[in-house]
Amino acid sequence: MVALLSAVADVACGMIGLLVYISVLSSLHWALALVVTVSYLVTYFLNIRAAGKQRYYRDLLAPMQRRIAYIVSKAGAAACAKDMRIFRMSGWLFEKYDRFAAQKDSVLRESETAACQNRRMNAIVHFLRDTATYLCLVYLYMRYEMTVADFVFYVSLTASFSGMLSRIAEGMQQAHKCSLDVAELTDFLCLSKEADRRKEKRPLPQEAETIEFLNVSYHYPGSGHLIIDHLNLKLSRAEKTGIVGLNGAGKTTLALLLSGLLTPTGGRILLNGIDITEFDPQEYIAMFSAVFQEISVLPMTIAENIALGEADSERLKKSVEDAGLTGLDLQKRFIQEIYPDAVSLSGGEMQKLALARAIYKPSKCLILDEPTAALDPIAEQNLYRHYNQFSDGKISLFISHRLASTLFCDRIILLENGKIAESGSHKELMERGGKYRELFETQRRNYQREELREVCL
């Protein structure tokens, strides 16, 4: 923004000087002012065209640079070290890096070639302008329409005028570039309309009584396949709801839609009977605490990663106990690349940390997406024992592909291909003898075989 204002100020000052120069040159001969003005316009449009090309090449380079940066980050990440060595991935990564780098170099060459062509055209225009101007002055001098002193004065004046036009052209080009950058930034941050939209938003209700899906569908960008297919579902804080189903059934996508992290491509989601689009999206998202399958930690202490700020000691202690994360020094820090004495937790401990974080946050809704996938049986039973306590008074959703993990839920929904295949309590679904019972019995037999194998060994 500062660069834009500076460029506009330079152009404004240049325009004032431009009017003075034109009036002086026109007093000698109108052709002088015409030649220099036309050359300026040609130069200006050449530069605007060149700026457009540079933006085009910049947009081409952006995804290539992201890919290269991603490969470099993964190649040096401690979390990838084991896979890199076991599967000998270094050669494959080098090949990927070289291919993306070659594509980037090709675009850079095209970009630099276009810039060189623009500079060449500008040089030709400047040469033609100066040649025409000096020929005009020589012609006037030869016709005795000016003295030697006048000739020297107008030559220097023409040179100054040309420099003034070049500075104005550069200023306008810079202003054009900055205005496009500001427009992109404004669109990205939604600064121009977000404030007005927020003024019109409803305040969130004090309590979240129900969240309802009305004919909700969702497909990811670039794909016509519906992950969630015209789903109708009502969640209330009066019951604990479990979502089960095979991999790819749409369970995690349903959780992301529920929490406002994804926007439905069809249908509506209602909070207490009101469309969630009528609420401020950031405030709506802030209603939720969640444990998702991908867990991220920051280079801070374990306590700070749970509280995400200054912690309330009593509430922190309670959330750590409920999550089963006892026995750890909460003042130990993460990220060994930053702190040499940092700790590295196991998969189960990381899942407990994410659960403690979700419990610690005072929220109206709770989403647990596969929260027991990395837990041992004792930790899993501890979670079930405390679940009603830390989810009390909240709309809660417990997602798992293991049907036995949701037996404690009041209502279990079997999701299949983005649709509700069956719904009811565990007892009701087993008595119904449908798809749920079939999957439950299959999983139980598999777990029994696994337990028997372990006993035999």
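Mentor: The discussion below takes up helix packing, cores and cysteines. This is a predicted model, in which local features need pLDDT of at least 70 and side-chain atom pairs count only at pLDDT 80 or more, while totals for chains, interfaces and linings use all residues. Residues are numbered from 1 along each chain as its sequence is written, and side-chain values use heavy atoms, with hydrogens and water left out.

Trainee: Why are α10 and α12 called oblique to each other?

Mentor: Helix α10 (residues 313-323) and helix α12 (residues 377-390) pack at about 140 degrees, with axes 8 Å apart. Angles under 35 degrees count as roughly parallel, over 145 as roughly antiparallel, 65 to 115 as roughly perpendicular and the rest as oblique; α10 and α12 are therefore oblique.

Trainee: Which residues make the contact?

Mentor: With contact meaning heavy atoms within 4.5 Å, K318, E321, D322 and A323 of α10 meet N382, H386, Q389 and F390 of α12.

Trainee: Why does C365 count as buried?

Mentor: Buried means under 20% relative accessible area; C365 has 1% relative accessibility, so C365 counts as buried. C409, at 5%, is therefore buried as well.

Trainee: How many disulfides does a search of the whole structure find?

Mentor: The search finds zero, a disulfide being a pair of cysteine sulfur atoms within 2.5 Å.

Trainee: What makes up the largest nonpolar core?

Mentor: A nonpolar core is a set of buried Ala, Val, Leu, Ile, Met, Phe, Trp, Tyr and Cys residues joined through side-chain atoms within 4.5 Å. The largest has 39 residues, and I306, L355, L368, F390 and Y436 have the most contacts inside it. Helix α11 supplies the largest share of this core, eight residues.

How values were computed
Axes fitted to C-alpha atoms, helices over the stretch in contact; angles between N-to-C directions. Helix = DSSP H or I, 4+ residues; strand = E, 2+ residues; numbered from the N terminus. Buried < 20%, exposed > 50% of the residue type's maximum accessible area, 1.4 Å probe, protein only.
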